[in-house]
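This briefing goes through one protein model, topic by topic. Please look at the structure first, then read the points below it.

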Amino acid sequence: MTPARQRALGVATLLALGAFAVLALLISPKDSRHGDAVRLLYVHAPTAWTAYLAYVVAAIASAMWLWPRTRRPSWDHLAGAAAEFGVLSTGLTLFLGSVWAKESWGTWWQWEARLTTTAVLFFVYLGYLALRRLGGPGAERRNAIAALLAVVQVPIVHFSVTWWRSIHQEGSVFNQRGEVEINDATMQWALWSGVIAFTLLFLWCCLLRMRTLELESSAAETALDAAIRERVGTVNA
Amino acid sequence: MTLVEEAVLVAAKDLRIEAHARVVMTQVLPFGVVVLLLFAFALDPDRGVLPVVAPGLFWVAVLLSSLLAVSRSFAIEADHGARDGLRLSGLDGAAIFLGKAAAIAVQLLVLEVVLLIGVFVLYDVDPRGLAVLVVAGVLATTAIAALGVTYGVLAAGMRVRETLVPLLVLPITMPVLLGATRAFEFALADDLGPAWRWTSLIAMITTVTITLGVLSFESLLEEA
């Protein structure tokens with residue numbers, strides 16, 4: 001992507017975030033039961049969406065790297081950038097979800113299937129990022145396989161947790177208490193503008209992070225070249 | 001040589017090394033028992049909680065011990081270029097994976113027998129539903145060993161192996177822990193229907209984990 005287009009994406013992201021803030025904080029009404037706290041959901045739902053989107057993007061980018069015909073360093077950079085945003089998003093989702101749970105169910109945490117799956121994923125991808133940080137020769141292949149292994153586990157984790165919860169409690173907490181019905185048009189607008197704004201933010205951050213990862217790896221190569229030149233220079237002298 | 005013969009060869013190699021060095025039996029096994037004792041100290045045997053939570057504690061002790069077993073399984077190949085030897089041996093990557101996982105599973109099963117006796121004796125649990133305990137135990141152990149080997153080779157040869165493997169393996173073994181604990185809970189309560197249902201979940205997870213390992217191990221070993 002050209003710098004001009006990237007800048008345009010940045011401007012669009014900021015405008016979308018601005019519109020989202022106005023819609024979510026000022027224009028949309030309070031909820032009849034939860035008051036202003038309902039505004040948490042306008043961020044909570046979009047961060048959850050971008051978290052899962054980021055993991056899917058990381059998996060696709062990893063598959064593209066592994067496929068010999070499409071192998072390019074930028075796929076590895078994209079996987080790394082997406083996973084970093086994914087972990088940040090997951091962290092935010094858990095934090096905001098927790099605050100929301102305290103407000104609506106009176107407790108910080110519920111062992112509910114979606115929540116538990118998200119928490120497990122947070123640690124799975126934290127491990128993936130720790131692995132990425134190590135670098136070294138062959139790191140791209142290792143990272144790509146690790147990302148694919150992680151994404152395959154997502155349905156298993158979700159399925160097992162859902163089964164576990166369905167046996168232990170009647171239905172989901174989301175249906176028993178605290179369910180919010182977002183029927184109001186402006187509330188729906190606030191939610192959807194959040195989804196759009198956060199998706200744009202994800203794309204923008206990914207592009208910026210890919211660029212820094214690219215620069216980091218070229219800086220490392222330059223340093224290596226310089227070290228070799230210096231070594232060769234001493235040998236020749 | 002067929003895949004199975006190659007896998008048996010690798011498993012026999014790892015088990016022979018263990019038979020000589022006895023690291024798992026003299027260090028990992030006592031470690032597992034110590035974990036069981038620690039749970040008893042932490043939860044106070046007089047409160048009557050231990051028999052209720054025994055299946056969960058048992059599997060947490062197994063998981064923690066499995067980390068040491070996995071670490072050991074890759075440490076034996078760290079010196080004298082043994083990993084290069086394995087790579088150059090011409091053995092199928094899938095066979096190496098299956099062999100290493102089988103060797104770890106066998107060692108863990110021995111450990112589990114001792115820990116289970118420990119649970120019956122120390123936690124005052126009556127042995128019931130033995131068929132489920134055996135089937136669910138073997139399946140869950142196989143899954144743990146397979147995951148351990150897949151993630152173990154990811155971190156093999158790295159200086160931070162000991163600290164990285166737990167972070168990679170523990171979250172991903174959550175479904176196995178969940179399934180195995182429930183299966184054991186229902187089996188010990190003589191409620192065999194749900195116990196077998198949870199065992200079938202473990203069987204599914206075991207199949208997936210073995211498939212993932214078979215598919216990915218060779219590429220990962222190349223980079224290790």
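In chain B of this predicted model, helices α3 and α5 cross in a right-handed way (left-handed means that the near helix is turned anticlockwise from the far one by less than a right angle, right-handed that it is turned clockwise). Helices are DSSP runs of H or I with at least four residues, strands are runs of E with at least two, and both are numbered from the N terminus.

**The helix pair in chain B**
- The axes of α3 (residues 50-75) and α5 (residues 93-122) of chain B come within 10 Å and cross at roughly 145 degrees; axes are lines fitted to C-alpha atoms, for helices over the stretch in contact, with angles from 0 to 180 degrees between N-to-C directions.
- Contact (heavy atoms within 4.5 Å) involves residues including B:F58 and B:W59 of α3(B) and B:L108 and B:L111 of α5(B).

**Chain A**
- Chain A has seven helices and zero strands.
- The C-alpha trace of chain A spans about 80 × 45 × 30 Å along its principal axes.

**Salt bridges**
- Over all chains there are 13 salt bridges, each a side-chain nitrogen of Lys or Arg within 4 Å of a carboxyl oxygen of Asp or Glu.
- One of them joins A:D76 and A:R132, at 3.3 Å from N to O.
- A:D76 is in helix α3 (residues 73-105) of chain A and A:R132 in helix α4 (residues 113-134) of chain A, so the pair ties together parts 56 residues apart in sequence.

**Conventions**
- Residues are numbered from 1 along each chain as its sequence is written, and chains are lettered from A in the order in which they are written.
- Local features need pLDDT of at least 70, and side-chain atom pairs count only at pLDDT 80 or more, while totals for chains, interfaces and linings use all residues; side-chain values use heavy atoms, without hydrogens and water.
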